[in-house]
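Colleague: I've just opened this one and would like a walk through it. Could we take the features one by one?

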Amino acid sequence: MKIWFAVSEATPFAKTGGLADVAGSLPKALRKLGVDIRVVMPKYSQIPQQYINKMTFMGYTYVNLTWRREYCGIFKLVHEGVPFYFIDNERYFNRDWYYGQIDDGERFTFFNKSILEVLPIIDFKPYIIHCNDWQTGLCSLLLDAHYRYYRNQGFYQYIHTVMTIHNLKYQGIFPKNMMDEIIGLSWEYFNPDGIEFYDNINFLKAGIAYSTKITTVSKTYAEEIKTEFYGEKLFGILRKRSQDLCGILNGIDYEENNPLTDARIYTPFSINNMEDKQRNKALLQKEAGLNICPETPLIGIISRLVAQKGFDLIDRMIAELLGMDLQLIVLGTGEKKYEDMFLWAQGAFRGKISANICYDPVLAQKIYAGCDMFLMPSLFEPCGLGQLYSMRYGTVPIVRETGGLKDTVIPYNEYTGEGTGFTFANFNAHEMKDAVIRAMGVYKDKVRWKAIMKRCMQQDFSWDKSAREYSNLYNRICGITVTK
Ligand code: ADP
């Protein structure tokens with residue numbers, strides 16, 4: 001089984017969010033199952049030098065963007081058993097940030113074409129190209145329009161495609177003049193069943209329309225995105241393709257995120273030695289400038305600071321929350337209004353909240369390990385990884401019941417004592433506060449709380465099960481005949 005896994009970011013090379021975690025860990029799990037999966041991503045200037053030094057130059061080609069030909073170099077690096085291929089073009093990928101550039105449409109058109117163009121050069125003929133999010137959304141359309149029947153004597157003829165939606169909100173919408181000025185696509189593809197989207201073009205929509213199968217990152221989100229509220233104006237095409245759409249839950253890397261061996265946290269601990277988790281808490285409180293109170297529940301938040309993550313609920317409640325006997329530690333960057341909200345609270349409630357407006361993977365790990373609770377009141381959440389990391393470190397999640405949060409956190413039942421977290425259903429600030437109060441109530445009962453922590457740590461959100469689901473999907477696809 002040969003898979004070409006196309007993605008715009010992957011740990012440890014480049015990361016802006018959960019997509020990179022998935023691309024860094026799913027291929028590793030699939031290779032353990034015997035799948036010959038190889039990853040292709042851009043060679044950004046941000047990739048740490050230690051990895052650049054180890055890369056091997058594999059060759060180069062030129063990619064046509066209508067009237068221009070752009071250089072496309074290929075580098076390779078085998079990392080933890082997974083072959084990674086990096087597309088090199090200084091003009092497109094030597095930038096100050098990965099996305100949000102004025103020419104993103106052109107940059108990622110180049111990337112999508114390169115994903116296809118380099119295959120004969122590295123002599124890899126995949127059965128399936130597995131695309132991820134809008135940045136790779138054009139691949140399946142380009143494959144049909146320009147490659148399958150017209151290039152390299154049948155090299156591309158039988159290749160299938162899978163499109164995985166990690167977040168439907170980000171779609172890659174660009175002006176339609178890109179059709180003939182940059183992509184070089186016939187206008188026959190510019191229709192409501194294809195790439196057209198409110199008189200613009202939409203990369204993700206093209207991926208949804210032309211891929212053999214579509215997946216997203218949890219079963220609940222796969223249902224939600226077919227509704228108007230969560231469908232981000234694409235629910236029509238998703239309903240149309242619902243026979244080919246399924247949800248496969250993300251996992252996390254259980255080796256890298258192991259409280260017993262993680263060098264990033266203050267003190268190792270395990271399910272048999274929970275006292276050392278308390279030491280992590282005390283040292284985190286100290287480092288974060290919080291009052292060192294072992295009995296006060298410490299709640300962590302690690303997130304992009306955007307509306308999706310439910311910060312409007314926190315905005316509404318922050319003074320009331322911090323008026324209670326709890327502490328908050330926040331790590332994140334994003335929209336200024338949310339950054340300002342946390343910075344204001346830090347000034348107003350000294351010793352009770354620590355606002356870390358930065359990107360810091362080591363501090364993130366210390367927060368997962370050192371907190372008592374982890375708050376994710378998301379408006380929508382395709383899968384969410386924060387709650388999985390926190391459970392791995394015995395930190396009890398408080399979440400809204402949406403998308404992957406609903407699929408991974410079992411609501412605590414005060415009568416039976418079952419459950420792994422505290423949840424609320426509606427996007428309502430009082431419901432969120434109520435969930436926090438319920439969690440604080442149980443927290444006072446050390447025996448019951450310890451049982452929840454242990455249950456969190458016993459959950460298995462490693463890739464084993466989900467990687468097998470992807471492998472089964474690949475097998476099913478290979479039984480389908482390619483038709484024009
Ligand atoms: P999303 O992909 O929507 O941003 P996820 O929960 O799927 O959300 O994944 C977020 C990932 O990014 C997690 O691994 C989280 O720990 C990490 N992360 C988010 N913000 C920061 C930050 N400021 N510093 C370090 N890691 C962060």
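Colleague: How much area is buried between domain 1 and domain 2?

Modeller: Some ground rules, as this is a predicted model: local features need pLDDT of at least 70 and side-chain atom pairs count only at pLDDT 80 or more, while totals for chains, interfaces and linings use all residues. Residues are numbered from 1 along each chain as its sequence is written, and side-chain values use heavy atoms, with hydrogens and water left out. Buried area is the accessible area (1.4 Å probe) that two parts lose on being put together, summed over both. Here, about 1,400 Å² is buried between domain 1 and domain 2, and carbon and sulfur atoms give 57% of that. On the domain 1 side, Thr-220, Tyr-230 and Leu-249 supply 26% of the area buried against domain 2, more than any other three residues.

Colleague: Which residues make up domain 1 and domain 2?

Modeller: Domain bounds come from an automatic or database domain assignment. Domain 1 is 2-251 + 464-483, and domain 2 is 275-460. Their centres, taken over C-alpha atoms, are 33 Å apart. As for contact (heavy atoms within 4.5 Å), 20 residues of domain 1 touch 18 residues of domain 2.

Colleague: Now the ligand. Which residues come nearest?

Modeller: A residue is near a molecule if one of its heavy atoms lies within 4 Å of it. There are 20 residues around the ligand, and Gly-18, Asp-21, Arg-304, Lys-309 and Tyr-368 come nearest. Both domains take part: domain 1 and domain 2 each give at least three residues to the shell.

Colleague: Which backbone atoms lie by an oxygen or a nitrogen atom of the ligand?

Modeller: A backbone N or O atom of Gly-18 lies 2.7 Å from a ligand oxygen atom. For ligand nitrogen atoms, a backbone N or O atom of Cys-358 lies 2.9 Å from one, and a backbone N or O atom of Asp-360 lies 3.0 Å from one. The protein covers 90% of the 570 Å² of accessible area (Shrake-Rupley method, 1.4 Å probe) that the ligand has on its own.

Colleague: And the backbone: where is there a cis peptide bond?

Modeller: Most residues other than glycine have a negative phi, and most peptide bonds are trans. In this model, a cis peptide bond joins Thr-11 and Pro-12, with omega about 5°. Tyr-198 is not a glycine, yet has a positive phi of about 50°.

Key:
Polar contact = N/O pair within 3.5 Å; in protein donor to acceptor, adjacent residues only side chain to side chain.
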